[in-house]
Amino acid sequence: MDRRNPGLANERGQFRVRASKGIHLVVPRDRIRSSTGIILRTDKSVLFVIPWGRHWIIGTTDTDWALDKAHPAASQRDIRYLLDQVNSVLRAPLTEADVEGVYAGLRPLLAGESADTSTLSREHAVGHSVPGLVVIAGGKYTTYRVMAKDAVDEAVHGLGQAFDRRIPNCMTQDVPLLGADGYRALWNARHQLAAESGLNEARIVHLLNRYGSMIGEVLGLIGDDPALGRPLPAADDYLRAEAVYATTHEGALHLDDVLCRRTRISIETFDRGTDSCREVADLMAPLLGWSAEHRAREIEHYLARVAAERESQTMPDDETADGARRGAADIIAVGSPLS
């Protein structure tokens, strides 16, 4: 599809980008007896089985997607494809009943002549088609820092001469991410952090892995309210404090922000977060000033979202899966006063 923005460039876009859908399955760690990950090449994609906390991630598919880009849907065909591929190398086969969670995403691929998305470029491209407008296309989350450097370097190209000064190279790759500064020292002090906080060391390791050196802010919430140090009963990998922190420090405005994006409860539990949503809503409500009606609407939306996703994953193909997923509207579209 051609990308153009006449309001900015008043011309046809110089890059052609196609969307490729990849889906992933999450299964409990005890379902696969292995101490290492697995990477295989299939006829259509790369298959990987990656240990991830108390789970395995199995991926991925690689298929053209021209439907709703806001919510790419996994079909039953996608799920069965991954199960068939991984079962070809497992002694004890997996079934759909072993799948805790399913998630799908889109890769923006630089389009070529091939109709097969697996042959398109996984790289990104940067263009400067008109003065003052830099365009970047393609790429992926795992290369975002390289993409940032290339875009910034292109944006400042020629500015040095214009201002009679040297513009230094972009240094994004050397800037520590939030939570990285001081992480090693805190990791070495994890025994002491456990003793001081009253949490067991496994909890401290979990928090360090999620928040790094920002762990002190989470522990501060627990210090002020020890009840926040309890795990969520239906998602006991996570503490109640993490739902609060997502709301007070990480910009979560809606229930699915916490369950799907700030935590991974929606894909790490067999109930997909439906058994946790009411307690999380209770924690968020006073922080965001929700009325009883607003809290009920947030819960209703989340339950509808999960139901639509589950239905889509029983559909035979992309078109029917997309139709099922569209059955749940976004919370913004149903009148949230905070959206």
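A charge is said to sit over a ring if NZ of Lys or CZ of Arg is within 6 Å of the ring centre and within 35 degrees of the ring normal.

**Figure 1. A charged group over the ring of Trp 56.** The charged end of Arg 29 sits over the ring of Trp 56, 5.0 Å from its centre. The structure shown is a predicted model, in which local features need pLDDT of at least 70 and side-chain atom pairs count only at pLDDT 80 or more, while totals for chains, interfaces and linings use all residues. Residues are numbered from 1 along each chain as its sequence is written, and side-chain values use heavy atoms, with hydrogens and water left out.

**Figure 2. The chain as a whole and the confidence of its prediction.** The chain comes to 13 helices and ten strands; helices (H or I, at least four residues) and strands (E, at least two) are DSSP runs, numbered from the N terminus. Of its 339 residues, 43% count as buried, where buried means under 20% relative accessible area, exposed over 50%, and partly exposed in between (1.4 Å probe, protein chains only). The average pLDDT of the chain is 90, and 89% of the residues score at least 70; pLDDT is the predictor's confidence in each residue, from 0 to 100. Over residues 1-6 the pLDDT is below 50, and this stretch has 15 contacts in the model beyond near neighbours in sequence. Over residues 333-339 the pLDDT is also below 50, again with 15 contacts beyond near neighbours in sequence. A contact means heavy atoms within 4.5 Å. Where pLDDT is low, the predicted coordinates should not be read in detail.

Figure 3. A search of the whole structure finds two aromatic pairs. Rings of Phe, Tyr and Trp (its six-membered ring) pair if their centres lie within 6.5 Å; planes under 30 degrees apart count as stacked, over 60 as edge-to-face and the rest as tilted. Tyr 211 counts as buried because its relative accessibility is 6%, and Tyr 245 is buried with a relative accessible area of 4%.

Figure 4. Helix α1 (residues 76-87) has twelve residues and reaches 16 Å from its first C-alpha to its last, close to the 16 Å expected at 1.5 Å a residue; the expected span is 1.5 Å times one less than the number of residues. Its buried residues include Ile 79, Leu 82, Leu 83 and Val 86. Among the elements that cover the buried residues of α1 are β1 (17-28), β6 (101-110) and α12 (292-312). Thr 95 is found in the loop between α1 and β6 and counts as partly exposed because its relative accessibility is 41%. Thr 95 and Leu 83 are twelve residues apart in sequence and 7.1 Å apart in space, C-alpha to C-alpha.

**Figure 5. The largest nonpolar core.** This core has 41 residues, and those with the most contacts inside it are Ile 204, Leu 207, Leu 219, Leu 255, Val 280 and Met 284. A nonpolar core is a set of buried Ala, Val, Leu, Ile, Met, Phe, Trp, Tyr and Cys residues joined through side-chain atoms within 4.5 Å. The largest share of the core, seven residues, comes from α11. Apart from this core lies another, of 18 residues, among them Leu 82, Val 86, Leu 94 and Val 102.

Figure 6. Leu 259, in helix α9, is buried, with a relative accessible area of 0%. Among the residues that Leu 259 touches, not counting those up to four places away in sequence, are Cys 277, Val 280 and Tyr 302. Gly 289, with a positive phi near 70°, follows α11.

**Figure 7. Two backbone features in loops.** Most residues other than glycine have a negative phi, and most peptide bonds are trans. A cis peptide bond joins Gly 59 and Thr 60, with omega about 0°. Thr 60 has its place in the loop between β4 and β5 (63-64). Arg 272, a residue other than glycine, has a positive phi near 60°. Its place is in the loop between α10 (265-268) and α11, and Arg 272 counts as buried because its relative accessibility is 8%.
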